[in-house]
Amino acid sequence: MRIDILTLFPEMFGGPFGHSIIKRAIDNNIVQIELHNIRNSGIGKHKVVDDYPYGGGEGMVMMPEPLFDSLTKLNIENGTPTVLLTPQGRQFSQKTADNLAQKSRLILICGRYEGVDERVREHMVTDEISIGDYVISGGELAAMVVVDAIIRRLPGALGAEIEQDSMMNGLLEYPQYTRPAQYQGWEVPAVLLSGNHAEITKWRRQQSIKKTAKRRPDLLKDADLSESERQIIQNEIKDR
Ligand code: SAM
């Protein structure tokens with residue numbers, strides 16, 4: 001997969017993309033990430049990319065021309081998702097990450113200042129994504145979140161099994177423990193030390209369901225549950 005990121009701050013990506021899973025995926029050619037500085041398409045000698053908002057008001061707005069020029073240089077094939085990171089977009093989710101991970105190419109546009117000229121939204125992008133109902137100072141951190149979630153879904157990017165990760169099956173992950181078995185008198189549940197894998201699998205599944213029912217009941221509508229598992233949820237609700 002190839003991901004092109006349009007940004008005014010390409011240097012911000014060095015840290016998160018230079019470590020761990022993302023770095024390994026880049027090194028192993030699982031993903032190719034290209035950073036493009038929008039400033040290179042800025043206007044005039046000073047490479048200006050923003051201007052005052054028509055009608056007045058606080059702050060500056062990113063002009064359409066540098067963004068359009070940056071996009072044109074990318075020779076984007078038809079059907080390539082061109083995504084603007086914006087708090088006004090649809091909320092990013094595991095499902096969106098899974099869908100985007102199926103694409104061979106993805107373009108991400110990072111806004112700054114008071115955001116981008118509305119004509120960018122109307123005519124240059126195919127999708128708008130928000131990472132949550134809050135405003136951050138630029139699209140770069142949002143792009144990093146989106147890229148990380150996508151890369152985790154690319155075949156070969158992770159060594160370990162991820163199907164049990166929270167959200168993967170519509171459930172939160174079961175509680176995890178590691179050594180020591182006793183710490184300050186707090187014990188690891190006995191079943192996990194039993195060596196009985198069938199019992200461990202059953203316990204984990206039940207814990208996942210209980211945890212999701214308690215913390216994120218909204219997720220359960222998409223979860224694939226048996227009748228007896230639905231009963232666990234009813235009991236959980238009754239016990240509250
Ligand atoms: N005035 C804009 C508004 O109210 O929609 C917010 C501008 S924000 C300070 C600057 C940039 O940060 C945005 O253009 C967007 O790219 C990015 N940004 C801020 N919050 C975001 C969020 N929740 N999700 C994705 N991107 C976000």
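Which of the 20 residues around the ligand come nearest? They are Leu85, Gln88, Gly111, Ile131 and Tyr134, where a residue belongs to these surroundings if one of its heavy atoms lies within 4 Å of the ligand.

The structure is a predicted model, in which local features need pLDDT of at least 70 and side-chain atom pairs count only at pLDDT 80 or more, while totals for chains, interfaces and linings use all residues. Residues are numbered from 1 along each chain as its sequence is written, and side-chain values use heavy atoms, with hydrogens and water left out.

## The ligand and its shell

The shell around the ligand divides into nine nonpolar, nine polar and two charged residues; here Ala, Val, Leu, Ile, Met, Phe, Trp, Tyr, Cys and Pro count as nonpolar, Asp, Glu, Lys and Arg as charged, and the others, Gly among them, as polar. Strand β5 supplies the largest share of this shell, four residues.

A backbone N or O atom of glycine 111 lies 2.9 Å from an oxygen atom of the ligand, and a polar backbone atom of glycine 138 is 3.3 Å from a ligand oxygen atom. For tyrosine 134, a backbone N or O atom lies 2.8 Å from a nitrogen atom of the ligand. The protein covers 86% of the 580 Å² of accessible area that the ligand has on its own, with areas taken from the Shrake-Rupley method with a 1.4 Å probe. The elements that give two or more residues to the shell are β5, β7 and α6 (139-151).

## Domains and salt bridges

The domain assignment of the protein, which is of an automatic or database kind, gives domain 1 (2-160) and domain 2 (182-238). The C-alpha centres of domain 1 and domain 2 lie 38 Å apart.

A salt bridge is taken as a side-chain nitrogen of Lys or Arg within 4 Å of a carboxyl oxygen of Asp or Glu, and by this rule the count comes to 16. The table gives three of these pairs.

| Salt bridge | N to O distance |
|---|---|
| Arginine 90 and aspartate 127 | 2.6 Å |
| Lysine 95 and aspartate 222 | 3.8 Å |
| Arginine 205 and glutamate 229 | 2.7 Å |

In the salt bridge between arginine 90 and aspartate 127, arginine 90 lies in strand β5 (residues 82-91) and aspartate 127 in strand β7 (residues 127-130), so the pair ties together parts that are 37 residues apart in sequence. Arginine 90 is partly exposed at 43% relative accessibility, whereas aspartate 127 is buried at 17%; buried means under 20% relative accessible area, exposed over 50%, and partly exposed in between, with a 1.4 Å probe and protein chains only.

Lysine 95 forms its salt bridge with aspartate 222, and this pair links distant parts of the chain, with lysine 95 in helix α4 (residues 94-101) and aspartate 222 in the loop between α8 (197-215) and α9 (227-239), 127 residues apart. Lysine 95 is exposed, at 55% relative accessibility.

The salt bridge of arginine 205 and glutamate 229 joins helix α8, where arginine 205 lies, to helix α9, where glutamate 229 lies, so parts 24 residues apart in sequence are tied together. Arginine 205 counts as partly exposed at 28% relative accessibility, and glutamate 229 as buried at 13%. Salt bridges that share partners also join Arg2, Asp4, Glu77 and Arg105 into one network.

## Buried residues with polar contacts

Threonine 7, in strand β1 (residues 2-7), is buried with a relative accessible area of 0%. Its side chain is joined to that of glutamate 140 by a polar contact of 2.7 Å, a polar contact being a pair of N or O atoms within 3.5 Å in which, within protein, one must be able to donate a hydrogen and the other to accept it, residues adjacent in sequence counting only if both atoms are side-chain atoms.

Arginine 121 is found in helix α5 (residues 118-123) and is buried at 14% relative accessibility. The side chain of arginine 121 makes polar contacts with the side chains of glutamate 118, at 3.0 Å, and glutamate 128, at 2.4 Å.
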